[in-house]
Amino acid sequence: MTHPSRETWLWLIHRGSAVAMLPFVAGHLILMMLTVRSGLSAADILGRTQGSVSLVAYYGFFVLFVSVHAALGLRTELAEKLGWRGNRLDLAAATMGLLLLATGGRAVWAVYSVSA
Amino acid sequence: MGRLQRFGLIGAPSAQLVAQRAARLQRHSGLALAVFLPLHFWLLAQSLKGSGALDYALAWTRPAPVRLAEVVLVSALAFHVAGGIRLMLIEFFACHEFQKNLFVISCGFATAAGLLFALNDF
Amino acid sequence: MLDVAVWRGTTEGSFEHFDVPRSDSQTVLDVVTYIQRHLDTTLAYRFSCRVGVCGSCAMKVNGVARWTCRTHVSSVAGDGHLEIAPLDHLPRLRDLVCDMTPFFEKWTRAGGAFVPFEPPETTVKRGFAAIDPLSQKRLEAEAGIECIGCGVCYSECDTVGRLPEYLGPAALNRAWTLTNDERDGRGASRLRAVAGDAGCHSCHTQMSCSERCPKRLTPAASIAGLKRASALAALRGKL
């Protein structure tokens, strides 16, 4: 039994990021129902997102929250399934979070910056 | 106890069975989404090579099995969100008594989201 | 006749079959006692009060942890078969007896001991602490106070299975009752004891503990209470 403060904060951040994501997920669900209707094409996607500051902010925050949330969820899974503990566990979780953040950030930048 | 009953398919499943199913589904849907996310991001990032590259990558998502997987992922996302709300209602507002109802609502929401997506997609 | 499969051995072992005659109002503990007295005197099992007060006769009956003294054969062996095994998640000493040491060690680790808020001399001088029986804290403590430490919830808890260091429902439930005890003085240090990497936040709310508790307590609700209390303490910088 170690790190009560850290574990409690991580739990709070996990739940907090979930609550923060609720409006984003709701928006994402609605948006994908609408956009998938016309079939997916690069022109459709990029036409919507390219140069749109509000959409890039929306997806940017979404990526940030989901990276944190997924990393913490996977951290629990690694601890229970593989028995990882301590620095190894935290490093693995941080790596996964940063990877998601980097690939997600790159994707957001891509649909923002590239013109159809 | 019969087989159908044990799996909660007939009769009233026990609170324990429901809560176990809910926790397992929450875990598995979350894992599926976490595995899917890098793929999702990679695909969108293809546009850095030009819109043609994105169109080429999008073509890979059009075969029926991939579309079916997308429907499952949409359901997983919907379930994970609704199930997460259920869990936080229990943890923060002590809604233990309603957990079975909340689980049914989560499943209904996930099914509805999946169906709606499928109807729009196919 | 009942066909009874009883676990023999320690971690290594197998089920041994016995034929036990049925009788009226027969409990599972009666069945085990019959085997030990009439069929095989080497069978090891544990019991004391036989009336659901001591909590020592808990075993797994047909896959579910129960008090054997308060489980009628008629309610679990409709088809005439019984399978009796020691509790899960605890070291098996012999046959149906498991070592409860890890279980109670976790009570200690979770701050299960009452630590008076005031030194005993003060209490003696001032008389009994006046606790409003209808206060929120008293009601919270009341809900969990009747635990007799039988280990049924610990055996049924999936999280203990996945995370062996996890403190478990009984120890956390005990910590929650003390957290709500106005006479108790451990405060935030107890929250620190229960909030570590195998503490209350590891609970996945699968609720087997609340569902299976023979006293109908709700450890899952107690654990949720500890999650909230420790999170609040963390937010206030007191954890």
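Reader: Into which domains is chain C divided?

Author: The bounds come from an automatic or database domain assignment. In this assignment, chain C is divided into domain 1 (2–98) and domain 2 (101–235).

Reader: How are the residues and chains of this model numbered and lettered?

Author: This is a predicted model, in which local features need pLDDT of at least 70 and side-chain atom pairs count only at pLDDT 80 or more, while totals for chains, interfaces and linings use all residues. Residues are numbered from 1 along each chain as its sequence is written, and chains are lettered from A and ligands numbered from 1 in the order in which they are written.

Reader: Where in chain B is confidence lowest?

Author: Confidence is given as pLDDT, the predictor's own score for each residue, from 0 to 100. Chain B has a mean of 91, and 91% of its residues reach 70 or more. Its helices and strands are DSSP runs numbered from the N terminus (H or I, at least four residues, for helices; E, at least two, for strands). The highest mean, 96, belongs to helix α4 (residues 64–93) of chain B, and the lowest, 56, to helix α1 (residues 3–6) of chain B.

Reader: Happy to move on to chain C! In what order do the 5 strands of its open sheet lie?

Author: Two strands pair if DSSP finds at least two bridges between them. The pairing here is mixed. β2 (13–20) and β4 (64–67) of chain C are the edge strands, each pairing on one side only. The order in chain C is β2-β1-β5-β3-β4.

Reader: How many bridges join β1(C) to β5(C)?

Author: Strands of a sheet pair through backbone hydrogen bonds, either parallel or antiparallel. Strand β3 (residues 58–61) of chain C runs antiparallel to strand β5 (residues 81–85) of chain C, with 2 bridges, and C:Lys60 has C:Ala85 as its bridge partner in β5(C). β1(C) and β5(C) run parallel instead, with C:Asp3 partnered by C:His81. The bridges joining β1(C) to β5(C) number 4.

Reader: How many residues does domain 1 of chain C give to the contact with domain 2 of chain C?

Author: The centres of the two domains of chain C, taken over C-alpha atoms, are separated by 30 Å. Residues count as in contact if their C-beta atoms, placed from the backbone, lie within 7 Å. Domain 2 of chain C gives 14 residues, and domain 1 of chain C gives 13.

Reader: Which element supplies the largest share of the side of domain 1 of chain C that touches domain 2 of chain C?

Author: On that side of domain 1, β3 and β4 of chain C each supply at least two residues. The largest share is 3 residues, and it comes from β4(C).

Reader: Which element gives the most to the side of chain B that touches chain A?

Author: Here 26 residues of chain B are in contact with 27 residues of chain A. Elements supplying at least two residues each are α2, α3 (51–59), α4 and α5 (99–121) of chain B. With 9 residues, the most comes from α2(B).

Reader: How many nonpolar residues has the side of chain B that touches chain C?

Author: In this contact, 12 residues of chain B meet 15 residues of chain C, and α2(B) gives the most to the chain B side, with 5 residues. Ala, Val, Leu, Ile, Met, Phe, Trp, Tyr, Cys and Pro count as nonpolar, Asp, Glu, Lys and Arg as charged, and the others, Gly among them, as polar. By these classes, the chain B side has 4 polar and 1 charged residues, and its nonpolar residues number 7.

Terms used
Two residues are in contact if their C-beta atoms, placed from the backbone, lie within 7 Å.
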